[in-house]
Amino acid sequence: MAQDKRGGKGFCPFCGSEFEGGRDECPNCGQDIRQYNDDLGPVLDKIQTVTNIDMKSTKVRVTMSVIIFVVAFAGVLVVLENIDLHGNSDSGDEPVIEGLVVDIKTNGYMDLTGDFAKGNIKVLPLYEPDLRLQFSLKPGLEDTYTKVMWVVETEKYNEDNAKNPFYTKVTKEASSSSSIYKATWENVDVGRFTVTADCYKEDGTYDVYEGFATYYGVMDRTYSWTYNGFGNTIKYTMSSDDVRACYSYDLTERMDLQATGSMSDLVTDNQAVENLHMKLKEAYTKNYRYTYDGYADYVLSFIQQCFPFEYDSFNYRVNDYWAYPIETLLWGCGDDEDRAILYCSIMKVALKDSGREVALLKLPESTVAAIQLDMTFSFIKDPTMVKGKYDKFTVADTSSDLGLGEIRPIYDVADTGTSLSFSGSEYYIHDLLIVV
């Protein structure tokens with residue numbers, strides 16, 4: 001008969017009380033002590049044998065319990081410290097494991113599922129000169145196939161491919177001069193990607209392995225555009241935390257926000273937007289004397305030329321979606337609303353010490369930005385102004401190639417700025433203007 005380990009005296013490592021054994025909870029403090037019933041007693045008995053200290057003393061037993069727990073916890077910390085954030089126990093380049101994988105060297109991490117998580121496809125980050133990802137079949141699958149075709153499919157916006165602007169593919173079919181079980185992705189970018197390995201056997205049959213991942217890394221972008229006939233370039237970096245935030249938004253919650261909230265809730269002046277503003281302001285002041293209206297026109301040209309129009313169904317899989325500025329920055333494109341929100345966010349930072357406000361003008365079939373500016377001595381002549389309840393705003397049409405104070409001719413704004421005509425109908429501006 002097996003020995004009953006639950007008999008005899010019991011001891012609570014939390015409050016130090018002693019009682020009859022066989023309990024799952026301490027009768028004094030109520031703590032769950034099941035995991036300590038078998039382990040703590042023998043340890044303390046051994047200490048008493050070696051040291052001749054009375055381990056039955058409540059004070060001594062409580063003290064020793066605390067010491068044991070601290071030592072055990074410290075041991076866990078030591079183990080964690082010696083496991084790098086790839087999930088490997090040794091340093092150096094090794095294939096990452098499934099699940100949430102942190103990549104210290106690129107200040108980000110990957111979330112792996114599918115055949116990545118099953119271990120059928122391994123991932124090896126390479127860092128010279130830039131981050132690359134090497135994919136390989138697990139050792140047990142080698143020598144099984146005669147040909148492997150690797151396909152990397154990303155969600156990076158590809159404005160050069162008019163037929164398929166949302167997906168771009170990188171395909172590699174291994175030759176006899178290289179291992180067919182490995183492929184390297186050179187142009188790693190943040191976001192979701194899928195790796196497919198079509199593995200062919202000698203008899204013509206084949207297997208397909210597919211791994212899914214999201215890379216939450218630092219996003220580096222270079223923007224180039226023309227303003228007043230001169231080329232402009234800025235380099236912008238988005239943190240891995242902001243990248244992750246973009247992929248973590250709950251679609252249902254966002255749809256609820258649109259149903260019950262205001263579009264102005266999307267205009268933010270967080271650190272990501274402030275960093276972009278500082279880059280733009282630095283580039284602007286190198287060549288121009290800073291004025292609010294001049295900078296507003298400069299930022300407008302940046303949005304118009306660097307963020308092409310794209311439907312929400314491409315970026316967010318729904319027909320209508322109000323994007324936060326960091327989402328538009330991540331995707332590099334957006335519809336009328338998205339670009340107007342991004343523009344207002346940048347100008348909100350620029351105007352925050354001036355007492356002026358920004359607004360969204362929700363027009364029929366479009367949304368444009370509007371800014372509260374003093375245009376008395378502006379270089380812009382006869383700008384189109386719209387009047388809210390109290391103040392006038394200068395329009396900024398991000399969905400065109402028009403300058404500050406110009407609006408597409410399909411919208412006929414009255415001289416008073418209080419109304420406009422569109423397609424034979426008249427609209428009052430105070431019903432359309434959303435002041436942020």
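This is a predicted model: local features need pLDDT of at least 70, side-chain atom pairs count only at pLDDT 80 or more; totals for chains, interfaces and linings use all residues.
Me: How is a helix read, and what span does helix 6 have?

Reply: Helices (H or I, at least four residues) and strands (E, at least two) are DSSP runs, numbered from the N terminus. The expected span of a helix is 1.5 Å times one less than its number of residues. Helix 6 covers residues 271-287, 17 residues in total. From its first C-alpha to its last it reaches 25 Å, close to the expected 24 Å.

Me: Which residues of helix 6 are buried?

Reply: Buried means under 20% relative accessible area, exposed means over 50%, and partly exposed is in between (1.4 Å probe, protein chains only). In helix 6 the buried residues are Ala272, Val273, Leu276, His277, Leu280, Ala283 and Tyr284. They lie on the same side of helix 6, because they cover an arc of only 135° around the axis. That arc is taken from the directions from the helix axis to the C-beta atoms.

Me: What covers the buried residues of helix 6?

Reply: Contact means heavy atoms within 4.5 Å. The cover includes strand 12 (219-227), strand 13 (230-238) and helix 4 (240-248). It also includes helix 7 (292-306), helix 9 (325-331) and helix 10 (336-351).

Me: How do strands pair, and which strands pair with strand 14?

Reply: Two strands pair if DSSP finds at least two bridges between them. Strand 14 (residues 358-363) pairs with strand 15 (residues 366-371) in the antiparallel sense, over six bridges. Leu360 has Ala369 of strand 15 as its bridge partner. The two strands form a hairpin with two residues between them, and Glu365 in the turn has a positive phi of about 75°. Strand 14 also pairs with strand 21 (residues 433-435), again antiparallel, over three bridges. There, Ala359 stands opposite Val435.

Me: Is strand 14 mostly covered or mostly open?

Reply: Strand 14 is mostly covered, with five of its six residues buried.

Me: What makes a salt bridge, and how many are there?

Reply: A salt bridge is a side-chain nitrogen of Lys or Arg within 4 Å of a carboxyl oxygen of Asp or Glu. By this rule there are seven. One of them joins Arg254 and Glu327, with the closest N and O atoms 3.0 Å apart. The pair links distant parts of the chain: Arg254 is in helix 5 and Glu327 in helix 9, 73 residues apart. Arg254 counts as buried at 5% relative accessibility, and Glu327 counts as buried at 2%.

Me: Which residue meets Glu337 in a salt bridge?

Reply: Lys362 does, at 3.2 Å from N to O. Glu337 belongs to helix 10 and Lys362 to strand 14, 25 residues apart. Glu337 is buried at 10% relative accessibility, whereas Lys362 is partly exposed at 32%.

Me: Where is Met255, and what is it in contact with?

Reply: Met255 lies in helix 5 (residues 251-260). At 26% relative accessibility, it is partly exposed. Leaving aside neighbours within four places in sequence, Met255 is in contact with Val318, Asp320 and Tyr321. Met255 and Trp322 are 67 residues apart in sequence, but 8.7 Å apart in space, C-alpha to C-alpha.

Key
Residues are numbered from 1 along each chain as its sequence is written. Side-chain values use heavy atoms; hydrogens and water are left out.
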